[in-house]
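The sequence and coordinates come first.

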2 protein chains.
Amino acid sequence: MASKSRSQAVRIGLAGLGNVGLGVYKNLEKNAGLLRERTGFKLEVSCVAVRDPKKPRDPSVSKTRILNGWRELAADPEVDIVVELIGGTTEAFELVCAALRAKKPVVTGNKALLAERGQELFKLAEENGVPIYFEAAVAGGIPIIQTVQEGFVGNAIRSIHGIINGTCNYILTRMAAQGVSYWSALAEAQQHGFAEADPTLDVSGWDAAHKAIILASLSYGFWIKPEDVHVEGIQNVSLADIQFADRLGYTVKLLSVIRADEKGLVEVRTQPSLVPKTHVLASVSGVYNAIVVNGDIVGETLFYGKGAGQDPTSSSVISDLAEAAATIVYGPRHSGFVPHGLYGKSKPVDETVSRYFLRLQVDDQPGVLARVATVLGNRQIGISSVMQPDEETAGTTPLILMLDDAPLGAVRGAIEEIAALDAVREKPAWLRVETMKE
Amino acid sequence: MASKSRSQAVRIGLAGLGNVGLGVYKNLEKNAGLLRERTGFKLEVSCVAVRDPKKPRDPSVSKTRILNGWRELAADPEVDIVVELIGGTTEAFELVCAALRAKKPVVTGNKALLAERGQELFKLAEENGVPIYFEAAVAGGIPIIQTVQEGFVGNAIRSIHGIINGTCNYILTRMAAQGVSYWSALAEAQQHGFAEADPTLDVSGWDAAHKAIILASLSYGFWIKPEDVHVEGIQNVSLADIQFADRLGYTVKLLSVIRADEKGLVEVRTQPSLVPKTHVLASVSGVYNAIVVNGDIVGETLFYGKGAGQDPTSSSVISDLAEAAATIVYGPRHSGFVPHGLYGKSKPVDETVSRYFLRLQVDDQPGVLARVATVLGNRQIGISSVMQPDEETAGTTPLILMLDDAPLGAVRGAIEEIAALDAVREKPAWLRVETMKE
């Protein structure tokens, strides 16, 4: 890694000039004086690598050297730190590897890259003695990475519950507030720029799951495999589910849950979940993110802010840049505390235990509840409440059950059996219930 | 500063074995394996300094060397890091100075010490090339120091609004929820161990003000003088104020406000304030703390958790210890980014602008409102709403006014004049109204 005196500028090579890249560029310029005052050194974008250098650019970057693609960036002698904001997991992986091999610290906001290939990248970083910073990869401007990694270094993490995808939270908030369908809320999110033209990565739950994998790795010291993560998106959340949940005192949120059981088995899940309205997470609306961290010493803490967008995300990138630059000017430090496999085993998804909300559309006749209850009872699944609203349509009626804590495998099996009952007229809808109690 | 290999233990000298000191000791033992796994080194309490070594101790510290007072601690050859948890500003100041002169990093949770003598101490730390860590000084287990100093290093801080004294928040929460008087809620807080036998430092607002001074120094790069801080305690908050505020849609909180105006003049205030019930700060109850930080890039963020107590505070001390130890094992780093006087001017208290709630007890006769309004109008203070509840007692009645934004000096002058009106029968009660809007 290069070393510098305080009077020299630390030079940044910026790969990617999309929404966040441009935000980093502009905000570094806007607060240049403040940053220099606080850190004691100057941060300067030395060059920018873009896919198509002929494409028209925002006038604010006109003074900067534009490289033809990212391949030149890692080797450029005028680059001290590489910022990866090109996205994806192929080219981004190659770029980060090239930068690390060139002994240059890397700053990235790429959650998919870390969730899928973090293990390889951090190994390469260690071999080359240079750090990777990734505060921008989880929850935009909220400094949750630093908090879990350093602020709570003395805590065994009991659990993390997070609303960490702003697109899904916006859609679910609009469905609940306006009584509109998923598709209508999605279209609205796209109009406002809160959802991509292809929203799959967000609405499938995978964007949030990538972030959950990163948080789990910091909390429990190993990279959980994506196939061991239980991921459900919001595409199948119906307005009926949201409205019945509301009547029962719950709000539906795309919740990511990370926790270890008493044997140290780690569970990582992202799925639409019922959250009690009395809990502060239920009131996190729109594109905001919130994360509840429960540590064995610190107790329950909450962190809230904008989880995406040009400015909040660039706030985190700039904080990482300042830290990376400090290692160049003042000498290397430990690159954040990273646990080394203290736990390291993931819990089989079917064994994860939770309460569930189950919505059936059944024949409006006596005996149906008894048949459903028998299936559940045979699998040792308790029922904590039943709601049978007087809403008969064409001879069928809704039947809402709140199920007690039970393993996912048992619940899934029971619901398959229930779905096959003659009296059950539609595919059952079921959602996790998160009581937010230990 | 000493340097060490990873296999050697980093040795801690703990000054003070009160509530927090004992928590640090116990939690370091409890999570020793985890900490070693995460940091790569061993943290070990080498000795403890107490005022009276003959006093009976918690059995958990029986294996540790007990020093007779703190004077030996800084010089002890088996101490690498000094933890100051003795409180107060005299002996604590001497201890920290001695440790810094001995080139030993210091960890402290002493907000009064930093607020009153931070400038001298940080100068001495710089001269000796050793850091001072103080995460535990503000908001217990919430890592707000690191967040403001590092996480938001790229942001100009627009404002910070915080509920940062758990004792006061507990008292105000109980008054509102149970309809009891200040004195009765205070007695209850004392019974539960949430208030000291002498609660002056907390209820006077000064504990919160010390924390606000520390946050202001990180945000604006200078140590505001305690005499430039506007501090009011909760002793004079009446149940009537809380109940009328409630009817107007507000909750009364002891709020600390730090902000800079467009000219860079910095305002630091701690006072009972009306917070709109729709804002999340209004729902922070009991001994919890919450801090809203508004940065020019990141936007509005919120941090919430237990603001005091043995465990949450020791979580922050341990995180500082890990960081301090890392500088010994892995070599020094910048000790957090500290701004160097970019702004540096405090706003005269009388020029700080706010809305106000004014409660009068007046003669129940026509013309009183006109006289009050005339006094306010003469000083250019607008009235946004008036409530005259039908609650006549012995010929007098309450008159509640919500005043528009006005400078404190003008409001104070007007209220003195109003107090002198014949028709005004009691000392006027007035509280700041915080709209939480920019």
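In this predicted model, β11(A) and β12(A) form a hairpin with three residues between them. The two strands, β11(A) and β12 (residues 299-306) of chain A, run antiparallel and are joined by eight bridges. One of the facing pairs is Tyr288(A) with Lys306(A) in β12(A). Strand β7 (residues 157-163) of chain A is also antiparallel to β11(A), and six bridges join the two. Here Gly162(A) has Ile291(A) of β11(A) as its bridge partner.

How many of the residues of strand β11 (residues 288-295) of chain A are buried? Eight of its eight residues are, and the strand is accordingly described as mostly covered. In a regular strand, side chains alternate between the two faces of the sheet. In β11(A), Tyr288(A), Ala290(A), Val292(A) and Asn294(A) point one way, while Asn289(A), Ile291(A), Val293(A) and Gly295(A) point the other way. Residues of both sets are buried, with 20 or more other C-beta atoms within 10 Å of their own.

Strand β12 also takes part in the contact between the chains. β12(A) and β12(B) pair in the antiparallel sense over three bridges. In that pairing Phe303(A) stands opposite Phe303(B).

Two copies of a chain are related by a rotation about an axis and a shift along it.

The contact takes 48 residues from chain B and 48 residues from chain A. On the side of chain B that touches chain A, α2 (32-39), α6 (144-151), β12 (299-306) and α12 (310-330) of chain B each supply at least two residues. The largest share, 10 residues, comes from α12(B). By class, this side of chain B has 20 nonpolar, 20 polar and eight charged residues. Because 100% of the interface residues of chain B are also interface residues in chain A, the copies meet through the same surface.

In chain A, helix α12 (residues 310-330) has 21 residues, which at 1.5 Å a residue should span 30 Å. The C-alpha atoms at its ends are 29 Å apart, which agrees. Of the 21 residues of α12(A), 19 are buried, so the helix is largely enclosed by the rest of the structure. Gly331(A) follows α12(A) and has a positive phi, near 100°.

Each chain also contains a parallel sheet. In chain A, six strands form an open sheet in the order β3-β2-β1-β4-β5-β6, with parallel pairing. Its edge strands are β3 (65-68) and β6 (132-133) of chain A, each of which pairs on one side only. Within this sheet, β1 (residues 9-15) and β2 (residues 42-50) of chain A are parallel and share seven bridges. Ala15(A) stands opposite Ala49(A) in β2(A).

In chain B, the six strands of an open sheet are likewise arranged as β3-β2-β1-β4-β5-β6, and the pairing is parallel. β3 (65-68) and β6 (132-133) of chain B stand at the edges with a single partner strand each, so one side of each is left without a neighbour in the sheet. The strand pairs described for the two chains are set out below.

| Strands | Direction | Bridges |
|---|---|---|
| β7(A) and β11(A) | antiparallel | six |
| β11(A) and β12(A) | antiparallel | eight |
| β12(A) and β12(B) | antiparallel | three |
| β1(A) and β2(A) | parallel | seven |
| β4(B) and β5(B) | parallel | three |

Two loop residues remain. Where does Lys103(A) lie? Lys103(A) is in the loop between α4 (91-101) and β5 (106-108) of chain A. Its phi is near 60°, a positive value in a residue other than glycine. Lys103(A) counts as exposed because it has 11 C-beta neighbours inside 10 Å.

Ala394(B) lies in the loop between β15 (383-387) and β16 (396-407) of chain B. Ala394(B) is not a glycine either, yet has a positive phi of about 50°. With 7 other C-beta atoms within 10 Å, Ala394(B) is exposed.

Conventions
Residues numbered from 1 in each chain as written. Chains lettered and ligands numbered in written order. Predicted model: local features only at pLDDT ≥ 70, side-chain atom pairs only at ≥ 80, totals over all residues. Helix = DSSP H or I, 4+ residues; strand = E, 2+ residues; numbered from the N terminus. Buried ≥ 20, exposed ≤ 12 C-beta atoms within 10 Å, placed from the backbone. Pairing = 2+ DSSP bridges. Contact = placed C-beta atoms within 7 Å. Nonpolar A, V, L, I, M, F, W, Y, C, P; charged D, E, K, R; others polar. Expected span 1.5 Å × (residues − 1).
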